[in-house]
Amino acid sequence: MGLALLLGASPTVAAAHEFWIDPVKFVPKAGTTVPIVFRIGQDFKGNSYPFVRALSDRFTVFDGRGERAVKTLDGDDPAAEVAFSTPGLAIIAHQRKPEEVVFETFAKFEDNLIYEGLEPIVEAHRKLGKPLTGIRELYARCAKALVSVGGNVNGADRAVGMPLELVAEKNPYALTATDGLPVRLMHDGKPLAEVLVKAFNRADPASPRLARTDRDGRVTIDVSRPGEYLLSAVHMVAPAQGAKADWISFWASLTFARP
């Protein structure tokens, strides 16, 4: 089930809204090995996080060679080192097993929901008669990073089968300065509408830019500013009857760079 954490007792955990993949180089030369860092934090600022095998469902790379598992050791930080030999777009994906967080009060739970754009869950929680203290949430992280090997703009992002997934519908490394980046949010392989997507540029003091997906699960992101980007989205559902949780949430992130 993962680690049980009590919000209200741990400020660090309470502030950790995003989990993302942070390659040391987003545009490495072909034939080089790149350290891959996991980060957890908020507003595109966070501490590195080690690879924990017990919490990992999958950690893979998709490139011109196909799909391959990332080789790493339990506790490694950086989480891994990946060799990129084939020019073009490479996708790094890491799906974590569900972990548990417990909110001491409904107020703390509500604050978290509002921050993530999940306001409808506030009313749904009351209507369903769920507890107002000791609220249990299972959350699963689904992180992706796009790397342009050799600065080559060939290749495309695609859905790789994670429960919640942000998919860039154009290669961000192939865009002009005035192009927006069309992104689609997928839940269990289907487009997901009316979900808040946050877009951070590491050097942009106005981050994050906010937008909600349309009925086809799409949103267009302004990526005219150069630098590294983090996109994030959260979706929450009620668990099956008998589950030892009040809610299940899925957290998707997508990182890439713009020249």
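Here are some questions and answers on how features of this predicted model get their labels.

Q: What makes Leu-196 and Ala-252 count as contacts of Ser-232?
A: The test is heavy atoms within 4.5 Å. Leaving aside neighbours within four places in sequence, Ser-232 has a list of contacts that includes Glu-18, Leu-166, Leu-196, Lys-198, Ala-252 and Ser-253.

Q: How do you know that Ser-253 is buried?
A: Its relative accessible area is 3%, and buried means under 20%, so Ser-253 qualifies. You'll find Ser-253 in strand β18. Not counting residues up to four places away in sequence, Ser-253 touches Phe-19, Cys-142, Leu-166 and Ser-232, among others.

Q: Why is the pair of Phe-19 and Phe-38 called tilted?
A: Rings pair if their centres lie within 6.5 Å, and planes under 30 degrees apart count as stacked, over 60 as edge-to-face and the rest as tilted. Phe-19 and Phe-38 are 5.6 Å centre to centre with 55° between the planes, and that makes a tilted pair. Phe-19 lies in strand β2 and Phe-38 in strand β3, so the pair ties together parts that are 19 residues apart in sequence.

Q: Are Phe-19 and Phe-38 buried or exposed, and how do you know?
A: Phe-19 has 4% relative accessibility, so it counts as buried. Phe-38 is at 0%, so it counts as buried too.

Q: What makes the pair of Phe-51 and Phe-59 stacked?
A: Their ring centres are 5.9 Å apart and their planes sit at 25°, so the pair is stacked. The cut-off for stacked is under 30 degrees. Phe-51, at 3% relative accessibility, counts as buried, and Phe-59 is buried with a relative accessible area of 6%. Ring pairs link Phe-19, Phe-38, Tyr-49, Phe-51 and Phe-59 into a cluster.

Q: How do you know that the charged end of Lys-198 sits over the ring of Tyr-115?
A: NZ of Lys has to be within 6 Å of the ring centre and within 35 degrees of the ring normal. The charged end of Lys-198 is 3.6 Å from the centre of the Tyr-115 ring and is listed as sitting over it. Likewise, Arg-96 lies over the face of Phe-19, at 5.0 Å from the ring centre.

Q: What puts the buried residues of helix α2 on the same side?
A: The buried residues of α2 (residues 106-115) are Phe-106, Phe-109, Asn-112 and Leu-113. They cover an arc of only 125° around the axis, which puts them on the same side of α2. The buried residues of α2 pack against β9, α3, β10, β17 and β18.

Q: How do you know which strand gives the most to the lining of the largest cavity?
A: A lining residue has an atom within 4 Å of a cavity point. The lining includes His-17, Glu-18, Phe-19, Ser-232, Trp-251, Ala-252 and Ser-253. β2, β17 and β18 each supply at least two residues, and β18 gives the most, with three. The volume of this cavity is about 50 Å³.

Conventions. Residues are numbered from 1 along each chain as its sequence is written. This is a predicted model: local features need pLDDT of at least 70, side-chain atom pairs count only at pLDDT 80 or more; totals for chains, interfaces and linings use all residues. Side-chain values use heavy atoms; hydrogens and water are left out. Rings of Phe, Tyr and Trp (its six-membered ring) pair if their centres lie within 6.5 Å; planes under 30 degrees apart count as stacked, over 60 as edge-to-face and the rest as tilted. Helices (H or I, at least four residues) and strands (E, at least two) are DSSP runs, numbered from the N terminus. Buried means under 20% relative accessible area, exposed over 50%, partly exposed in between (1.4 Å probe, protein chains only). The arc is that of the directions from the helix axis to the C-beta atoms. On a 1 Å grid over the protein atoms alone, a cavity is a set of points where a 1.4 Å probe fits but cannot get out, and a pocket is an open set with protein on both sides within 12 Å along at least five of seven lines; lining residues have an atom within 4 Å of a point. Grid points are joined across faces, edges and corners, and a volume is the space filled by probe spheres set on the points.
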